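Good morning, colleagues, and thank you for your attention.

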Amino acid sequence: MTNASLIDFTLYVADSTLVLAQRNGDWCGHGPVLEQDIAITNVTLDLIGQSRSFYQYAAQLIGNDCTEDQLAYWRNEREFKNALLCERPNGDWAQTILRQTFFSFYQRELFMQLLQAADTTLSAIAEKSLKEVRYHCRWSSEWVCRLGDGTEESHRRLQVAVENLWPYTGELFIAAPYETALQIDTDTIKRNWLEALSTLFAAATLPAPSLTDTFMQTGGKTGQHTEALGYLLAELQYVQRSFPGCEW
Amino acid sequence: MKAVAADNTELQDCYDLLATIHDPEIPVLSILDLGIVRDVELLRPLQDEGHIRVTITATYTGCPAMDTIALLIKMALLTKGYKKVEIATTIAPAWTTDWMSAAGKEKLKTYGIAPPDKRFEIPADGIVCPQCGSSHTRLLSEFGSTACKSLLQCNDCAEPFDYFKCH
């Protein structure tokens, strides 16, 4: 494993959690009820915390006085390695919840593997984050059940969300070169992810998911993104780009 | 740099000082009650320039109180006369509610926050109401006013209350 692979992988996780946090953060003040507004923003806060841990580590590996802020605010979309799933628009509450479920289930499997990583910083961040991720898995799963097994309207909306987001899930299980270098076993992640999701979909009265009958979008892990990311970064990075180094 | 031998009194004084610093989001708890102070190293005693390093850990990765807590520690020790104060952060081993002191748990309860309860690793109905002591309670929301809390309500005294999640 080269240092470059370790940096790229660390950025992949940092970017994915940051971009999803930025998306979720849009719900602040707009949640369907107060408790859920608080819930989604708390999930967001955890994601930002995880993202900061990974960016700080990447900055340390890069050296040359690199900082977490430079990595978050001064890289362009082609340099971002986040999973495409994380940048997909919020849509309605069903789509936001489903996106969170897909990603939290994935994070749980990925971080479980990182616990065994030879790199002790990665395993320490993973151990710390897993407690939060498990909580997110449970909260978002409950919503998937409630919507799927709820009213005709909520079921329909969740089904639409599945159709919208499913093509962006396959990428998670195709190892990028830096994942191969770190010996991330994407096949195991995929198997466990699909198994957990199948159980959840059954409880939510949704058709069983299949990863083989849909064309899957790829590219996020190596910097090829959907149109959505540019707009997201424009908003995320605006202040630092306009007033470099500003603090408040 | 190797830690110089300092007499225990000075170290104890430092801990006493840290015990007066409170979590800005849960002001009833000191940072020692919370269990986030992992180490205090006296590198040079107060009489000799005074150099100290305090290592802290976050409860949750995104806890927004961490920066404030680090600043409060630094200010307290500088005011005490230390010339050089370092605040280090660590994430391993990961913080757990087991590190919260028994006194801290009691203070939380008096303050109106149900302390973490091992029987409820997942927030659920039945957590004891800090107001009236009833276990006839229900979960309103898995997330509360801060990342470390959930929101419940007592069915007997009808009071809503925060529960400090097991972590």
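As to the residues that form the contact between helix 1 and helix 2 of chain A, 18 are nonpolar and 9 are polar, while no charged residue takes part. Please bear in mind throughout that this is a predicted model.

A second pair in chain A may be set beside it. Helix 5, residues 93-114, and helix 7, residues 152-165, have axes that come within 8 Å and cross at roughly 55°. What does that angle make of the pair? It makes helix 5 of chain A oblique to helix 7 of chain A. The crossing of helix 5 and helix 7 of chain A is right-handed. On the side of helix 5, the residues involved are Ala94(A), Gln95(A), Leu98(A), Arg99(A) and Phe102(A). They meet residues of helix 7 that include Ser154(A), Arg157(A), Leu158(A) and Leu165(A). By class, this contact between helix 5 and helix 7 of chain A has 7 nonpolar, 3 polar and 2 charged residues.

I turn now to chain A as a whole. How many helices and how many strands does chain A have? The count is 10 helices and 0 strands, and the pattern along the sequence is accordingly written α-α-α-α-α-α-α-α-α-α. The radius of gyration of chain A is 17 Å, close to the 18 Å that the globule rule gives for 248 residues, so chain A is as compact as a globular protein of that length. Its C-alpha trace spans about 55 × 40 × 30 Å along the principal axes. Of the 248 residues in chain A, 44% are buried. Among the contacts in chain A with a separation of 6 or more, 75% are between residues 24 or more positions apart.

Chain B comes next. It contains 4 helices and 7 strands, and from the N terminus on, its elements run α-α-β-β-α-β-α-β-β-β-β. Taken along the principal axes, the C-alpha atoms of chain B fill a box of roughly 60 × 25 × 25 Å. Buried residues make up 34% of the 167 residues in chain B. Residues 24 or more positions apart account for 51% of the contacts in chain B with a separation of 6 or more.

One residue of chain B deserves a moment. Leu17(B) lies in helix 1 of chain B, residues 8-18. Leu17(B) counts as partly exposed because it has 15 C-beta neighbours inside 10 Å. Leaving aside its neighbours within four places in sequence, Leu17(B) is in contact with Ala76(B) and Lys80(B). The C-alpha atoms of Leu17(B) and Asp33(B), which are 16 residues apart along the chain, are separated by 13 Å.

Finally, let us consider where the two chains meet. The contact takes 18 residues from chain A and 14 residues from chain B. The side of chain B that touches chain A has 9 nonpolar, 4 polar and 1 charged residues. Thank you.

Key. Residues are numbered from 1 along each chain as its sequence is written. Chains are lettered from A and ligands numbered from 1 in the order in which they are written. This is a predicted model: local features need pLDDT of at least 70, side-chain atom pairs count only at pLDDT 80 or more; totals for chains, interfaces and linings use all residues. Ala, Val, Leu, Ile, Met, Phe, Trp, Tyr, Cys and Pro count as nonpolar, Asp, Glu, Lys and Arg as charged, and the others, Gly among them, as polar. Helices (H or I, at least four residues) and strands (E, at least two) are DSSP runs, numbered from the N terminus. The radius of gyration is taken over C-alpha atoms; the globule rule is 2.2 Å times the number of residues to the power 0.38. A residue is buried if 20 or more other C-beta atoms lie within 10 Å of its own, exposed if 12 or fewer, and partly exposed in between; C-beta atoms are placed from the backbone. Two residues are in contact if their C-beta atoms, placed from the backbone, lie within 7 Å. Axes are lines fitted to C-alpha atoms, for helices over the stretch in contact, and angles run from 0 to 180 degrees between N-to-C directions. Angles under 35 degrees count as roughly parallel, over 145 as roughly antiparallel, 65 to 115 as roughly perpendicular and the rest as oblique. A crossing is left-handed if the near helix is turned anticlockwise from the far one by less than a right angle, and right-handed if clockwise.
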